[in-house]
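Q: Could you take a close look with me at one part of this model? I would like to follow its aromatic rings.

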Amino acid sequence: MSSATAEARPEHRNLVGAFWRGFRDFRRSRPFWGGLLAMIAGVPILYFPYAHLSLGGVTIAMSTTAGAGSLIIGVLLIILGLTAWFQPAVRIFAGVATTLLTLVSIPVSNLAGFGMALLPGLIGGGLMMAWAKLPEPAVATAAEAPVAAEGTTAESVATEQPAAAPVAEEPVTEEPAAEAAAEQPAAGGSIPAQQAAEPKEVR
């Protein structure tokens, strides 16, 4: 078996490269970073009201009546982040709700998780509201170019035809005028006047 007839060896599939390309397409087709920051903001809001911190052997529990509010706000922030990922059409609503919940968590949930959720929540809400889809690739525009070219040629032909019509009609309009000018002396002028004009030319 020669090298010309040998079957080509199938290329080794790079799983890491395929995963990275899929992740890149997923990230570019939705407000990825805004949703991620919204979910990050929900974690400290959920954690601190139910955590037991130890300072120098002293256990501090911050479980208060505000724990239910912190639970609701934290869960909603995580849900809004996932909504921005899997339902990009409602990104404006998710961004506004994330911003409002982050601001509400300042008095309700220990100053927005001791300030750890404030910046991620506000930045994530802004990114979700400001996100827009990428423009279509150039391949689609190149495929539409011949259609546009055909449309322009058809329009140019349609516009050129009325312009060429008067040029062809000009000789037609001049011939009746010339014939009418030639017939006017015979019809309007008298026969003696013509006969009197002829002897003058002979002399």
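**The aromatic rings, one by one**

A: Let's start with Phe32, which counts as buried at 7% relative accessibility (buried means under 20% relative accessible area, exposed over 50%, and partly exposed in between, with a 1.4 Å probe and protein chains only). Please keep in mind that this is a predicted model, where local features need pLDDT of at least 70 and side-chain atom pairs count only at pLDDT 80 or more, while totals for chains, interfaces and linings use all residues. Residues are numbered from 1 along each chain as its sequence is written, and side-chain values use heavy atoms, leaving out hydrogens and water.

Phe32 belongs to one aromatic cluster together with Trp20, Phe23, Phe26, Trp33, Trp85 and Phe86. The aromatic pairs come to ten (rings of Phe, Tyr and Trp, the last by its six-membered ring, pair if their centres lie within 6.5 Å; planes under 30 degrees apart are stacked, over 60 edge-to-face, the rest tilted). One of them joins Phe26 and Trp85 edge-to-face, at 6.0 Å centre to centre and with 85° between the planes. Because Phe26 sits in helix H1 (residues 15-28) and Trp85 in helix H3, this pair ties together parts that are 59 residues apart in sequence (helices are DSSP runs of H or I, at least four residues, numbered from the N terminus).

How covered are these two partners? Phe26 is partly exposed at 25% relative accessibility, whereas Trp85 is buried at 14%. Trp85 also meets Phe32: their ring centres are 4.9 Å apart and their planes at 5°, so this pair is stacked. It links distant parts of the chain, with Phe32 in helix H2 (residues 32-47) and Trp85 in helix H3, 53 residues apart.

Definitions and conventions. Helices (H or I, at least four residues) and strands (E, at least two) are DSSP runs, numbered from the N terminus.
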